[in-house]
Amino acid sequence: MQKWVCDVCGYIYDPAEGDPDNGVEPGTGWEDVPEDWVCPECFVSKDDFSPYEE
Amino acid sequence: MNTTLCDNVEWVGYVDWHIRDFHGYSTNRGSTYNSYLVRDRKTALIDTVKAPYVPRLLANIQQHTDLGNVDYLVCNHAEPDHASGLSAVVKACPSAKVVCTEKCRKALAGYHDISAWDFEIVKSGDTLSLGERSLVFLETPMVHWPESMMTYLPEEKLLFSQDAFGQHYASAGRFDDEEPCDVVMYEAKVYYANIIMWAGKPIAKALEAASAMEIGMIAPAHGIIWRKCPERIIEAYQGWIVCKAQPKVLVVYDTMWHSTERMAEAILDGASKPGVHARLYSVRKNHITLLATEVLDAAAIAFGSPTLNGTLMPEVAAGLTYLKGLRPTCKSGFAFGSYGWAPGGAKAVNEYLQEMKFELLREPLEAQWTPTPDILEECRKAGELLAEKALESACAV
């Protein structure tokens with residue numbers, strides 16, 4: 001599944017891992033991450049993320 | 001004052017003996033804004049100071065070299081305590097290029113008119129040769145801001161660590177072996193708790209990246225330089241990034257007519273077991289800077305508020321809002337408080353604890369009007385839960 005990178009701090013959202021500390025279960029695709037979720041490291045919204053190219 | 005880190009590397013910053021309020025952080029021992037001059041065939045200045053202290057910075061530089069000889073102004077961090085002086089320093093050092101990350105350039109553009117500045121944009125792993133020696137850059141996003149980086153001088157095993165490993169601590173000595181180490185370590189802990197507790201994961205990444213470097217000395221952007229025992233502060237950080245718990249219990253509260261206070265004292269009584277450090281803090285009598293420091297390595301915490309106008313007391317809300325942003329991890333506890341005719345305070349506190357992902361040891365503990373002997377006994381039992389958790393947490397690490 002497509003990973004997404006935070007444009008502000010570089011945190012990478014990996015759908016395989018999700019963000020369980022903040023209520024996003026492993027296996028959650030980017031489109032299913034809640035709109036009010038914020039970057040766990042720098043607090044910006046989903047709008048500040050871009051598709052991550054490895 | 002000895003300001004020499006090693007051959008041709010000098011501290012040229014400013015000691016702020018008088019600051020007592022650093023954007024709300026109670027800086028009881030003042031602070032310093034550290035700036036370092038590295039001279040080789042090229043000369044680099046690493047970080048600047050708050051704008052009002054630029055004349056002192058420039059005078060310090062001029063004791064070692066002419067301002068026209070400064071080739072590089074390395075900006076590790078765009079926050080005004082280190083970079084608000086940059087505009088004046090750029091003007092004073094006409095040959096100098098500003099060396100920073102691209103994100104830092106953008107942040108600086110938000111604070112300064114950078115249209116006439118000459119930039120050299122760097123990223124992790126880039127090396128800038130100064131002649132015999134060189135500067136290597138390590139981006140450390142969120143330690144402290146997204147644009148932040150550290151600068152390493154490999155030939156001297158010297159890390160300019162920016163805010164990491166810093167302390168708000170004004171002193172005549174510049175080095176850890178010139179100041180009382182326990183006081184400096186405590187101020188490093190206060191600094192960590194109040195400035196970067198929320199950034200445990202980014203700090204862990206930065207520590208891992210830095211572990212590839214041989215580090216003989218750490219020169220942070222505030223406070224003393226770790227020359228004698230850099231490993232001691234690194235080891236402390238390894239514990240702080242996971243909020244490693246001591247067998248410590250806190251009972252933090254506010255009160256109107258002493259009912260919640262009596263509950264707090266009964267909880268403290270229950271928590272006061274052998275091997276447990278139990279402490280009582282009124283939020284109105286203690287600064288949030290101290291409370292955040294205590295929370296960093298506490299295992300279990302009870303927060304109490306009476307009900308005022310249907311909700312929690314403003315000072316408790318302020319403290320919890322501050323702590324929520326600092327994001328302490330792996331804490332347990334519960335909420336308590338008294339009320340008159342309609343409950344609300346303890347429940348509102350409980351919501352904060354849920355948001356902070358506390359392991360809740362029990363439901364909110366409430367007393368109507370004043371705590372009865374039964375309620376006080378329940379408070380003591382609840383305090384015992386805190387003590388058990390504290391002993392368990394401390395054994396687990």
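Helix 10 of chain B gives the largest share of the lining of the largest cavity, 5 residues in total. A cavity, for its part, is a set of points on a 1 Å grid over the protein atoms alone where a 1.4 Å probe fits but cannot get out, and lining residues have an atom within 4 Å of a point. The model is a predicted one, where local features need pLDDT of at least 70 and side-chain atom pairs count only at pLDDT 80 or more, while totals for chains, interfaces and linings use all residues. Residues are numbered from 1 along each chain as its sequence is written, chains are lettered from A and ligands numbered from 1 in the order in which they are written, and side-chain values use heavy atoms, with hydrogens and water left out.

Back to that cavity. Its volume comes to about 50 Å³, a volume being the space filled by probe spheres set on the points, with grid points joined across faces, edges and corners. Among the residues around the largest cavity are Val252(B), Ile288(B), Phe303(B), Val316(B) and Tyr322(B). Two elements of chain B put two or more residues each into this lining, namely helix 9 (288–296) and helix 10 (314–326). Sorted by class, the lining of the largest cavity has 10 nonpolar residues, 1 polar and no charged ones; Ala, Val, Leu, Ile, Met, Phe, Trp, Tyr, Cys and Pro count as nonpolar, Asp, Glu, Lys and Arg as charged, and the others, Gly among them, as polar.

In all, the structure holds 2 cavities of 30 Å³ or more.

A pocket is an open set of points with protein on both sides within 12 Å along at least five of seven lines. The lining of the largest pocket is made of 29 residues, and the closest to the centre are Asp21(A), Asn22(A), Pro40(A), Lys201(B) and Thr329(B). Helix 6 (residues 200–210) of chain B supplies the largest share, 5 residues. By class, the pocket lining splits into 13 nonpolar, 4 polar and 12 charged residues.

Salt bridges come next. A search of the whole structure turns up 26 of them over all chains, counting a side-chain nitrogen of Lys or Arg within 4 Å of a carboxyl oxygen of Asp or Glu. In one of them, Arg133(B) pairs with Glu156(B), with 2.7 Å between the closest N and O atoms. This pair links distant parts of the chain, 23 residues apart: Arg133(B) sits in the loop between strand 12 (127–129) and strand 13 (134–139) of chain B, and Glu156(B) in the loop between strand 14 (149–153) and strand 15 (158–162) of chain B. Arg133(B) is buried at 8% relative accessibility, whereas Glu156(B) is partly exposed at 27%. Buried means under 20% relative accessible area, exposed over 50% and partly exposed in between (1.4 Å probe, protein chains only).

Another salt bridge joins Lys97(B) and Glu120(B), whose closest N and O atoms are 3.2 Å apart. Here too the partners lie 23 residues apart, with Lys97(B) in strand 10 (residues 97–100) and Glu120(B) in strand 11 (residues 119–121) of chain B. Lys97(B) is partly exposed at 27%, and Glu120(B) is partly exposed at 26%.

Over in chain A, 3 strands form an open antiparallel sheet in the order 2-1-3. Strand 2 (12–13) and strand 3 (49–51) of chain A are at the edges with a single partner strand each, so one side of each has no neighbour in the sheet. Strand 1 (residues 4–6) and strand 3 of chain A pair in the antiparallel sense over 3 bridges, where pairing takes at least two bridges found by DSSP. Val5(A) has Ser50(A) as its bridge partner in strand 3 of chain A.

Key:
Helices (H or I, at least four residues) and strands (E, at least two) are DSSP runs, numbered from the N terminus.
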